[in-house]
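Work through the exercises below with the structure open. Try each task before reading its solution.

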Amino acid sequence: MGEKKKKIIKSIKIDVDKCNGCRACEMICSAFHATPKYSSNNPARSRIRLIRDPLRDVYLPVYAGELAKAECMGRDKYVIDGKEYDECGFCRASCPSREVFKEPDSKLPLKCDMCQDDPPQEKPLCVQWCINDALIYEEREEEVEEEVKLEDVEIGLESMIDKYGMQKVMDTVSRMSASKKG
Amino acid sequence: MRYAETGFNLEIDLTRGSIERVATDPRLTELHLGGLGTSAKILWDRVPPETEPFSPDNLLIFSTGLLCGTPATGANRTIVTTYSPQTLLMGYSMMGGFWAPELKHAGYDKVIFRGKSPNLVYLWINNDKVEIRDASHLKGKGAVETAELVRQELKEPNAQVAAIGLAGENRVYMASIEQGRSSASRLGLGAVMGDKGLKAIAVRGTKDVNIARPAEFIKLCNEVLQYIKIRGEKPVPGVMPILAGLGSPQEMKLVDEEWHTQNFMWGNARERKRDYWNKEIEEKWKATQESVRTRLISCYNCPMKCGATISVPGISTYMMKCFSKLTYTMAAFSDLDFGFRIAQRATEYGMDGFSTPQVMAFAVELKEAGILTDEDFAGCPSDNEGKFYWLLDRIVRREGIGDVLANGTYWAAQQIGKGAEAYAHNNIKKHEQLPLKLGMLNPVYYLMYCTGEKINITQIEGQFPQAPFPTMEEREDFVKDWIQVPDEKFKQYFLDWEFRGERSNPYYPTVDMSVDIVDWQEMMHYIDDALGMCAGLSSFPLKPPYHIHNYPVLISSATGIDMDEAGLTQVYRRNRTLLRAVNVRRGLRRADEKPPEDHWKKRFPELEEKLLDAYYKFKGWNNQGIPTKESLHELDLDYVAEDLLLRGILTDNEDTPSKETSLETEKK
């Protein structure tokens, strides 16, 4: 089915030891994604969030990833170098169990897009503004197997055929098309 | 729509428990920008000069600056303003951290408190929802501890909390307002907060801050950030390490304290230890510092790392910045380990790390001189460090001699008498100063010490090197990329400045040059204080990223207000003069404008008079330091002139001397 293809994977390496906790990443992310660009800013709309607990020396910049519709079951704690981290601190999901990665007004989920821009930005804006190098932009080339993807309509029709049989589906489609034309 | 600012203030009446959201006049932003400028205007308009600092009629104003919450790097300062119990003048102190941007995002430019709550409360601002909540369970809690407890109670880890400790609750004149890694420490603002029954203000905001001309503004912000990066790689040669870079003096990062320990005074600003620093001490202090310093940290939207998280084993974690690292150490003739330990307790109490150590060292001196007695020190441990902990605990609780000392060295000396006044030797306008005693009078510093309304040299100085450079080659090298000068003449002032001979202190810089230099230094501070910009990126260091040439466009593109260099200079003059008028109305006169007598060994009374005369004249003030009717008119401050005339502080006839008064005579 598939064939090998080269793909550029964009990623951001996070060095938490270098984070000084200033939240410039949150600020500039929200400014870049404002419409028009930079016309407003609001860290609450940012697609990067600094999970920050200064007295316990917890500084975790985390990027918005996929939407998780349901809360996960039981969240673990990690102890790293004597510091306790909540699993949420590493999770990229916009999910029902926390406020982050949702538009404050509509509660719609947010997702990092690596600052897609025309002309393209050299690096995502959060990386550009983190001059302490806690955030490092990296590109790597990977060979990925490209699957031949079924179109949405095809997937839908296949399941209808599974359920009702080919003939029934064909009859229905011709009847519908005749009545629409008439 | 309003840009950069929100256009709304919160008005909180603590007596009645009322909360109002009030729209502000955009014309005032054009006249004063914001921050300190508009807060001074509110104090002038609404608090009569006879109001006592601890009166319910006194206002306590927490203000953002005009650029706070915008992408401008380092615009994060909260400016707190009220009448100070310490100086009785207008008190303003600023803190970095995260509070001001959060308030902007909640939808407010300022929070203005009046009245007094009958019981201890805290304010919770959560966007449009604002409530006064009971704080009786927080009574006596530490300032850092309180912030944590409030966040837990509200289940809002992202709330930013400004809080007082026990010192503020007990109206100790050195009480600070603490907020994460920052604090508004000077002039007793925490005492006014405590007097109002206000333990803390928690704020959470998730609204947008808007920019008028985004493309233009972000381009400038990017240039500033790039400059900070390049400047970080290029420290200024020929000056001591802590003055070579940007930000506050980098004392959390640097271990080398040769300069402070050998040039600043120990004890009650008394003893200079010229040969203190050596390899052994450096290694010991390095070990101490590195064992307690968990991380170097920043304020909101700033790459500088001026603060640090400090975790001393066995006591709770706190945050520190700048010179407070050494103030306790040096006041007690102790070492750095003691400094970090006692500062933790003082931070939880919410105390000014600047005045507090001096007050304690003053008490120790008075005891040694026999002016304070064994009875005053009954129960005090005999070891040196123990004595300082004991004094700190007494002062904060206002117990015994602590109740007297809690009013600072000036007022304590008045109350103790028996010659104690001579020991309160390091004050300007009743407030403790940096423990610095020098040889030759520096005319620029003389003027700044005398006339600064902040009454704290670090909030007045900057931009211009503190001393000449030895060779012409070094000077030429320094001025080559000195783009920050408002006028090319400043380069020549610096090039011609020598260590010895005709063109050296005290007669060079000349009187007129000194006035020019001070005006530039003040200008940058006043602009910063209105914008909420950290002095560490603008008015304080040499060759900063923000200056008089890029500020006008930055302000204009952020706010949409038309602004050029002349316009911005006019705003600065207006704000500077208004602050002076607020203090003049409270009794400030020429007689109050003097540095500590022993600040310099070599003094020049005639020259000093000339300097002050020239400074006043340049500012458009009369020889008492009172703004004239004409200069007030030029600054759109006719209402100030009218008031000063009505009170007889100004007279219509310039030749008639105005009513003689001074704080010294009036308040005794």
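**Exercise 1. A strand pair in chain B**

Which residue in β6(B) is the bridge partner of Phe62(B)?

Solution. The model is a predicted one. Start with the two strands. β3 covers residues 60-64 of chain B, and β6 covers residues 110-114 of chain B. They run antiparallel, joined by 4 bridges. Now look across from Phe62(B): its bridge partner in β6(B) is Val111(B).

**Exercise 2. The sheet around that pair**

Find the strand order of the open sheet in chain B, then explain which strands stand at its edges.

Solution. Step one: trace the order. The 6 strands read β2-β1-β6-β3-β4-β5 in chain B, and their pairing is mixed. Step two: look at the two ends. β2 (18-23) and β5 (90-95) of chain B each have a single partner strand, so one side of each lacks a neighbour in the sheet. That puts both of them at the edges. Step three: follow the twist. From one strand to the next, it averages 15 degrees.

α2 of chain B, residues 35-46, lies across β3, β4 (78-83), β5 and β6 of chain B. Against β4(B), helix α2(B) runs at about 20 degrees.

**Exercise 3. Two helices in chain B**

Describe how α13(B) and α16(B) are arranged, and list the residues that make their contact.

Solution. First locate the helices: α13 spans residues 355-368 of chain B and α16 spans residues 408-416 of chain B. Their axes come within 9 Å and cross at roughly 30 degrees. Angles under 35 degrees count as roughly parallel. Therefore α13(B) is roughly parallel to α16(B).

Next, pick out the residues. α13(B) contributes Ser355(B), Gln358(B), Val359(B), Phe362(B) and Leu366(B). From α16(B) come Gly408(B), Thr409(B) and Ile416(B). By class, this contact has 4 nonpolar residues, 4 polar residues and no charged ones.

**Exercise 4. Where the chains meet**

How many residues of chain A are in contact with chain B, and which element of chain A gives the most?

Solution. Count first: 23 residues of chain A contact 30 residues of chain B. Then look at the elements. In chain A, α1 (24-32) and β2 (40-41) each supply at least two residues to the side that touches chain B. The most comes from α1(A), with 4 residues. Sorted by class, that side of chain A holds 13 nonpolar, 7 polar and 3 charged residues.

One more step: check for pairing across the chains. β2(A) pairs with β13 of chain B, residues 209-210, in the antiparallel sense over 2 bridges. Here Asn41(A) has Val209(B) as its bridge partner.

**Exercise 5. The build of chain A**

Is chain A spread out or compact?

Solution. List the parts: chain A has 4 helices and 7 strands. Along the sequence they follow the pattern β-α-β-β-β-β-β-α-β-α-α. The radius of gyration is 23 Å, well over the 16 Å that the globule rule gives for 182 residues, so chain A is more spread out than a compact globule. Its C-alpha trace spans about 70 × 45 × 40 Å along the principal axes. Of the 182 residues, 29% count as buried.

**Exercise 6. One residue of chain A**

Is Arg175(A) buried or exposed?

Solution. Find the residue in helix α4 of chain A, residues 166-181. Arg175(A) has 10 C-beta neighbours inside 10 Å. A residue is exposed at 12 or fewer, so Arg175(A) counts as exposed. Finally, compare positions: the C-alpha atoms of Arg175(A) and Gly82(A) are separated by 69 Å. Along the chain these residues are 93 apart.

Terms used. Residues are numbered from 1 along each chain as its sequence is written. Chains are lettered from A and ligands numbered from 1 in the order in which they are written. This is a predicted model: local features need pLDDT of at least 70, side-chain atom pairs count only at pLDDT 80 or more; totals for chains, interfaces and linings use all residues. Two residues are in contact if their C-beta atoms, placed from the backbone, lie within 7 Å. Ala, Val, Leu, Ile, Met, Phe, Trp, Tyr, Cys and Pro count as nonpolar, Asp, Glu, Lys and Arg as charged, and the others, Gly among them, as polar. Two strands pair if DSSP finds at least two bridges between them. Axes are lines fitted to C-alpha atoms, for helices over the stretch in contact, and angles run from 0 to 180 degrees between N-to-C directions. Angles under 35 degrees count as roughly parallel, over 145 as roughly antiparallel, 65 to 115 as roughly perpendicular and the rest as oblique. The radius of gyration is taken over C-alpha atoms; the globule rule is 2.2 Å times the number of residues to the power 0.38. A residue is buried if 20 or more other C-beta atoms lie within 10 Å of its own, exposed if 12 or fewer, and partly exposed in between; C-beta atoms are placed from the backbone.
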